[in-house]
Amino acid sequence: MKKYLLTVLTMLMVTFAVSAQETNWRKIYNPSINGEEQIAAAVNQAKKEGKKVLVQVGGNWCKFCIRLNKYVMTDAELKKMIDDNYVYVHLNYSKENKNEALLEKWGNPNEHGFPVYVFLDENGKLTNVQETGSLEEGETYNKGKLEKVYRENAG
């Protein structure tokens with residue numbers, strides 16, 4: 001009986017730990033942030049650091065938005081590519097805050113679905129929009145395709 005209780009207790013602890021980690025990954029978008037101010041700050045930082053801006057548009061409601069962020073941030077090589085070349089921003093799109101004016105300024109990249117990448121130069125000028133559906137591989141993403149997109153837009 002003790003072994004059974006210990007096993008059940010261990011399983012519950014593991015479940016709570018995994019659930020807590022998943023919850024942290026689900027809160028990457030903040031609907032209370034003004035998107036225009038967020039992008040202006042990212043452009044300022046990019047200019048200072050000699051980088052571009054990579055905007056991932058989506059929401060905490062979007063499972064592929066969360067998966068994409070988790071995938072690139074937990075792969076050491078992809079994370080390094082992003083960290084070395086971009087200021088990485090998560091622009092919220094949800095019923096609470098659609099950031100419509102900003103998205104309209106960029107030609108409504110959300111028409112491609114979510115998540116969608118928007119690449120800006122160090123001056124905040126739109127250089128590319130990349131839909132991410134073609135970068136998916138089953139329930140995850142294709143590392144080679146992501147690397148290619150990051151390389152092509154970093155130059």
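Modeller: First, the ground rules. This is a predicted model, where local features need pLDDT of at least 70, side-chain atom pairs count only at pLDDT 80 or more, and totals for chains, interfaces and linings use all residues. Residues are numbered from 1 along each chain as its sequence is written, and side-chain values use heavy atoms, with hydrogens and water left out.

Biologist: How do you know that a disulfide joins C62 to C65?

Modeller: The rule asks for a pair of cysteine sulfur atoms within 2.5 Å. The S to S distance of C62 and C65 is 2.4 Å, so the pair meets the rule. The count by this rule is one disulfide. In general, such a link is a covalent bond between the sulfur atoms of two cysteines.

Biologist: What is the hand of the link between C62 and C65?

Modeller: It is right-handed, with 80° about the S-S bond.

Biologist: Why is C62 called buried?

Modeller: Buried means under 20% relative accessible area, exposed means over 50%, and partly exposed lies in between (1.4 Å probe, protein chains only). C62 has 6% relative accessibility, so it counts as buried. C65 is at 0%, so it is buried too.

Biologist: Why does N108 count as partly exposed?

Modeller: Its relative accessibility is 27%.

Biologist: What makes the phi of N99 worth a remark?

Modeller: It is positive, near 45°, in a residue other than glycine. N99 sits in the loop between β2 (86–92) and α5. With a relative accessible area of 11%, N99 is buried. N108 also has a positive phi, about 55°, and is not a glycine.

Biologist: Where is N108 found?

Modeller: In the loop between α5 and β3. P115 is found in the loop between α5 (100–105) and β3 (116–120). The peptide bond from F114 to P115 is cis, with omega near -10°.

Biologist: How do you know what counts as a helix or a strand?

Modeller: Both are DSSP runs, numbered from the N terminus: helices are H or I with at least four residues, strands are E with at least two.

Biologist: Which residues does N110 touch?

Modeller: Contact means heavy atoms within 4.5 Å. N110 touches Y93, L103 and V116, not counting residues up to four places away in sequence. N110 lies in the loop between α5 and β3, and at 18% relative accessibility it counts as buried.

Biologist: What makes β1 and β3 a pair?

Modeller: Two strands pair if DSSP finds at least two bridges between them. β1 and β3 have five bridges, so they qualify, in the antiparallel sense. V57 stands opposite V116 in β3. In general, strands of a sheet pair through backbone hydrogen bonds, either parallel or antiparallel.

Biologist: How many bridges join β3 to β4?

Modeller: Five, and these strands run antiparallel. Y117 has Q130 as its bridge partner in β4. V118 stands opposite V129 in β4. The hairpin of β3 and β4 has five residues between the strands, and G124 takes a positive phi near 90° there.

Biologist: In what order do the four strands of the sheet stand?

Modeller: The order is β2-β1-β3-β4, in an open sheet with mixed pairing. β2 and β4 (126–131) each have a single partner strand, so they stand at the edges, with one side of each left without a neighbour in the sheet. Neighbouring strands are turned by 20° against each other on average, direction ignored.

Biologist: How does helix α4 run relative to β2?

Modeller: At about 100°. Helix α4 (residues 76–85) lies across β1 (52–58) and β2. Axes here are lines fitted to C-alpha atoms, for helices over the stretch in contact, and angles run from 0 to 180 degrees between N-to-C directions.

Biologist: Why is β3 called largely enclosed?

Modeller: Five of its five residues are buried, so the rest of the structure largely encloses β3. V116, V118 and L120 cover one side, and Y117 and F119 are on the other, all buried.

Biologist: Is L146 buried or exposed?

Modeller: L146 is at 0% relative accessibility, so it counts as buried. It lies in helix α6 (residues 143–154). L146 touches several residues, among them L68, V72 and Y117. L146 and V72 are 74 residues apart in sequence, and 8.6 Å apart in space, C-alpha to C-alpha.
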